[in-house]
Amino acid sequence: MVAVCDHDGRLLRHVAIIMDGNGRWASQRSLPREEGHRAGAESVRRILQAVIELSIPYLTIFAFSSENWRRPGREVGHLMGLMRYHLSNERDELVGRGIRVGFIGDRSGLDSDVLGLMSDMERATADGTALTVTVALNYGARDEIVRAARALAMDCAAGDLEPSTLDEEGFARHLDTSALPDPDLIIRTGGEQRLSNFLAWQGAYAELVFLDVPWPEFSRDDLEAAVSEFHRRDRRYGAVTTS
Ligand code: IPE
Ligand code: IPE
Ligand code: MG
């Protein structure tokens, strides 16, 4: 078991994961990409338990980006179908395990039945205290920042906000993540070393760990290795290390 405090005694509170590599995992096995997504969803179930046992209170997972609509309609349809399936079938189990589920991303782009299942899930799991899981669905950091800027501009136009008083905290309150701490650690599986429009504002000082393992094979050991790597990092936030 790895420790959850870093060497300064600060907690690792929030892990965010870019769950990448499903399609390539499937292709390497001569399976359709959809099989990779199915296996990836099973990986999520496995990893929730590991995160709880590591006493990490916040987990955010990138499930579908605002750019993923560019994929073939058949693949997008399958991904939305998987979302419907898991939102409908796992609610009671998540309630039983004390897992609170929330969502970030642009809801206006999603089908009304998916939106209904998302609201049901949020309502049913609202009292969970073991872990807060945030699913990024139709999420893009640039889109999120533009939506926040638009809301703030409207507040200014309505006379409810004086532009010169706006600061970072005030801006962050208009982001989808207003109720969450910033991620301490962002993990990307699947071998690519980029953020792909994930948590650009919130991840400004996150430690980044890139792993070659495709998401369907991501294990508890991989999570522990990433957490250990996080503890080895020296987080300076622009200052100098004093000890
Ligand atoms: C991540 O796996 C899942 C989503 C983006 C929805 P990919 O589907 O991107 O898998 P690769 O990167 O093509 O292997
Ligand atoms: C990022 O992966 C989005 C998710 C994991 C949901 P992509 O596979 O869409 O990213 P790119 O296309 O490699 O940048
Ligand atoms: Mg990918």
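**Exercise 1: Placing Asp20**

Asp20 is found in the loop between β1 (14–18) and α1 (22–28); helices (H or I, at least four residues) and strands (E, at least two) are DSSP runs, numbered from the N terminus. This is a predicted model, where local features need pLDDT of at least 70, side-chain atom pairs count only at pLDDT 80 or more, and totals for chains, interfaces and linings use all residues. Residues are numbered from 1 along each chain as its sequence is written, chains are lettered from A and ligands numbered from 1 in the order in which they are written, and side-chain values use heavy atoms, leaving out hydrogens and water.

Task: work out whether Asp20 counts as buried or exposed.

Solution: 
- Step one, the cut-offs: buried means under 20% relative accessible area, exposed over 50%, partly exposed in between (1.4 Å probe, protein chains only).
- Step two, the value: Asp20 counts as buried because its relative accessibility is 17%.

**Exercise 2: Contacts of ligand 2**

Task: find how far the polar side-chain atoms of Arg188 and Arg194 lie from an oxygen atom of ligand 2.

Solution: 
- Step one: for Arg188 the distance is 3.4 Å.
- Step two: for Arg194 it is 2.8 Å.

**Exercise 3: The shell**

Task: sort the residues of the shell around ligand 2 into nonpolar, polar and charged.

Solution: 
- Step one: the residues around ligand 2 include Ile18, Asp20, Phe62 and Ser196.
- Step two: the shell divides into five nonpolar, two polar and four charged residues. Ala, Val, Leu, Ile, Met, Phe, Trp, Tyr, Cys and Pro count as nonpolar, Asp, Glu, Lys and Arg as charged, and the others, Gly among them, as polar.
- Step three: strand β2 (residues 58–65) gives the largest share, three residues.

Definitions and conventions: Near = heavy atom within 4 Å. Polar contact = N/O pair within 3.5 Å; in protein donor to acceptor, adjacent residues only side chain to side chain.
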